[in-house]
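Welcome to this short tour of a protein chain. Please take a moment to look at the sequence and the 3D structure before reading on.

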Amino acid sequence: MKKFMSLMLLVCACLLSRSMQAQEVTPDAAGYIVKVGDVAPDFEMELTNGQKVKLSDMRGKVVMLQFTASWCGVCRKEMPFIEKDIWLKHKDNKAFALYGIDRDEPLARVLAFAKQTGVTYPLGLDPGADIFAKYADRKAGITRNVLIDKSGKIVMLTRLYNEEEFSSLCKKIDEMLGEK
């Protein structure tokens, strides 16, 4: 009888664990599995220049992540605006970091993509879209931006490119950096 009860408890615990895991990853309408106020999931990635960066090492900085890919038309539309209105304005500010995270493409394609779009901000590689899957449903689309405050919490999430939303993103970055 003791063995049967122990087995039943183990089965119940496993079922409860699975149920809780399924609830934790239910995406919102935009495909995000994170929300404003969450601590941004940590990751390490390799940039196109071979340098490795870890998100948690950037605490104390305002960080913007842009999930992108060469096959994404909306990304191609948005990236020159990110370059001009965010990167060029803040790149010399030591309290700011911006990384494009290219979804599951080889280095050569990412380098060509950067050249085609004219962006100079750092691009990271995301083999298998494993970094992306920490933030959004693996099957969800891009472009999307995640803005993270100096304590590591998500303060803004965007999806696709919308001029009004992009303007709000720029304004929020300026506010967080104490700039106008």
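How many helices and strands are there in the protein chain? The protein chain has 5 helices and 7 strands, where helices (H or I, at least four residues) and strands (E, at least two) are DSSP runs numbered from the N terminus.

## Before you start

This is a predicted model, in which local features need pLDDT of at least 70 and side-chain atom pairs count only at pLDDT 80 or more, while totals for chains, interfaces and linings use all residues. Residues are numbered from 1 along each chain as its sequence is written, and side-chain values use heavy atoms, with hydrogens and water left out.

## The overall layout

Starting at the N terminus, the order of elements is α-β-β-β-α-β-α-β-α-β-β-α. The protein chain has 180 residues, and 43% of them are buried. Here buried means under 20% relative accessible area, exposed means over 50%, and partly exposed lies in between (1.4 Å probe, protein chains only).

Contacts also tell us how the chain folds back on itself. A contact means heavy atoms within 4.5 Å. Among contacts between residues at least 6 apart in sequence, 67% join residues at least 24 apart.

## The nonpolar core

A nonpolar core is a set of buried Ala, Val, Leu, Ile, Met, Phe, Trp, Tyr and Cys residues joined through side-chain atoms within 4.5 Å. The largest such core has 54 residues, and Leu65 and Tyr135 are those with the most contacts inside it.

Neighbours within four places in sequence set aside, the contacts of Tyr135 include Tyr32, Ile33, Val34 and Phe43. Leu65, Phe67, Val146 and Ile154 are also among them.

## The disulfide

A disulfide is a covalent bond between the sulfur atoms of two cysteines. In this report it is a pair of cysteine sulfur atoms within 2.5 Å. The whole structure holds 1 disulfide, formed by Cys72 and Cys75 with their sulfur atoms 2.4 Å apart. The link of Cys72 and Cys75 is right-handed, with 85 degrees about the S-S bond.

Are these cysteines buried or exposed? Cys72 is buried, with a relative accessible area of 5%, and Cys75 counts as buried at 0%. Cys170 counts as buried too, at 14% relative accessibility.

Next come the spaces in the model. On a 1 Å grid over the protein atoms alone, a cavity is a set of points where a 1.4 Å probe fits but cannot get out, whereas a pocket is an open set with protein on both sides within 12 Å along at least five of seven lines; lining residues have an atom within 4 Å of a point. Grid points are joined across faces, edges and corners, and a volume is the space filled by probe spheres set on the points. For the linings, Ala, Val, Leu, Ile, Met, Phe, Trp, Tyr, Cys and Pro count as nonpolar, Asp, Glu, Lys and Arg as charged, and the others, Gly among them, as polar.

The search finds 2 cavities of 30 Å³ or more. The largest cavity has a volume of about 60 Å³, and its lining has 5 nonpolar, 2 polar and 4 charged residues, including Ala40, Met58, Arg59 and Ile148. The second largest cavity has a volume of about 30 Å³. Helix α5 (residues 163–176) gives the most to the lining of the second largest cavity, with 3 residues. The largest pocket holds about 180 Å³ of space, and strand β4 (residues 96–103) provides the largest share of its lining, 4 residues. Trp87, Lys91 and Tyr99 are among the residues that line the largest pocket.

## Backbone details

Most residues other than glycine have a negative phi, and most peptide bonds are trans. Which peptide bond is cis, with omega near 0 degrees? The cis bond runs from Ile142 to Thr143, and Thr143 lies in the loop between α4 (132–135) and β6 (144–148).

Asp104 has a positive phi, near 55 degrees. Asp104 sits in the loop between β4 and α3 (107–117) and is partly exposed, with a relative accessible area of 48%. Leu160 also has a positive phi, about 65 degrees, although it is not a glycine. Leu160 lies in the loop between β7 (154–159) and α5, is partly exposed at 38%, and is one of the residues lining the second largest cavity.
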